[in-house]
Amino acid sequence: MIYITGDRHRNFKDIDRFCSRFKTAKEDLLIVLGDAGINYFLDERDYLLKCRLSAMPITFFCIHGNHEERPENIEGYKEREFMGGSVYYEEEFPDILFAIDGEVYELNGRSVLVIGGAYSVDKAYRLKIGQRWFESEQPDDKTKEKVKKVLKQRKQQVDVILSHTCPYKYIPREMFLSCVDQSSVDCSTERFLDEIEEENAYQKWYCGHYHTDKSIDRLRFLYSTIEEF
């Protein structure tokens with residue numbers, strides 16, 4: 001079985017209970033739509049979290065969010081093939097996989113494109129209090145060109161798109177934080193996803209980032225909900 005959920009921010013208690021309830025196994029896959037937080041502190045705290053996750057009877061497939069470092073920037077990560085695409089992993093934790101932006105995977109018989117990353121509206125606050133912020137949080141121009149190239153090769157068609165944030169037109173403005181000046185928010189990733197959404201045929205789009213569970217047309221936001229994929 002393949003399951004999908006939203007931002008976890010290092011809290012996987014619900015996942016542990018879910019695995020126990022539904023008797024999952026390592027052959028089962030859980031897609032996390034960004035901000036898993038597994039590579040946030042980049043120290044022993046991350047290692048201990050990976051140990052706990054690795055003990056759970058499920059395999060994790062994580063999209064890149066904006067509250068975590070990209071695996072390619074962390075020593076020890078390697079790249080391997082997975083479901084028709086490439087993923088990053090560590091040899092000690094082979095069942096914690098990190099999707100690569102612009103890769104297309106074959107999941108449940110469907111072609112699945114991944115586009116991670118987003119802007120952190122809490123960037124200034126995190127830096128002010130000494131928390132981590134990652135310069136690589138948003139997809140760069142090279143990644144965007146890769147996405148466009150891949151979709152062009154596929155004649156602008158893919159079955160499912162997985163992203164952390166959403167296309168600009170679908171931003172759930174009711175979830176905006178009152179303490180954030182929205183005029184200061186960089187929406188370049190959302191506007192790029194808008195372009196992708198308009199130019200390509202797809203059946204379903206899943207995203208997280210906004211801490212809500214709701215559907216708009218073919219797009220599904222996930223946060224606390226765990227669904228079958």
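**Close-up 1. Phe18, a buried ring in a predicted model.** With a relative accessibility of 11%, Phe18 falls under the 20% limit and therefore counts as buried. The model shown here and in the views below is predicted. Phe22, by contrast, has 42% relative accessibility and counts as partly exposed. Both residues belong to helix 1 (residues 13-22), where a spacing of four residues separates Phe18 and Phe22 by about one helical turn.

**Close-up 2. The tilted pair of Phe18 and Phe22.** Twelve aromatic pairs are found in the structure. In the one formed by Phe18 and Phe22, the ring centres lie 4.7 Å apart and the planes meet at 40 degrees, so this pair is tilted. Tyr3 joins the picture too: ring pairs link Tyr3, Phe18 and Phe22 into a cluster.

**Close-up 3. Tyr210 meets Phe221 edge-to-face.** Here the distance is 6.1 Å centre to centre, with 85 degrees between the planes of Tyr210 and Phe221. Look for Tyr210 in the loop between strand 10 (204-207) and strand 11 (214-216), and for Phe221 in strand 12 (residues 219-221); the pair therefore ties together parts that are eleven residues apart in sequence. Tyr210 is buried at 13% relative accessible area, and Phe221 is buried as well, at 0% relative accessibility.

**Close-up 4. Arginines over tyrosine rings: Arg191 with Tyr168, and Arg218 with Tyr202.** Arg191 sits over the face of Tyr168, 3.8 Å from the ring centre. For Arg218, which lies over the face of Tyr202, the distance from the ring centre is 4.0 Å.

Definitions and conventions. Residues numbered from 1 in each chain as written. Predicted model: local features only at pLDDT ≥ 70, side-chain atom pairs only at ≥ 80, totals over all residues. Heavy atoms only, no water. Phe/Tyr/Trp six-rings, centres within 6.5 Å; stacked < 30°, edge-to-face > 60°. Helix = DSSP H or I, 4+ residues; strand = E, 2+ residues; numbered from the N terminus. Buried < 20%, exposed > 50% of the residue type's maximum accessible area, 1.4 Å probe, protein only. Lys NZ or Arg CZ within 6 Å of the ring centre and 35° of its normal.
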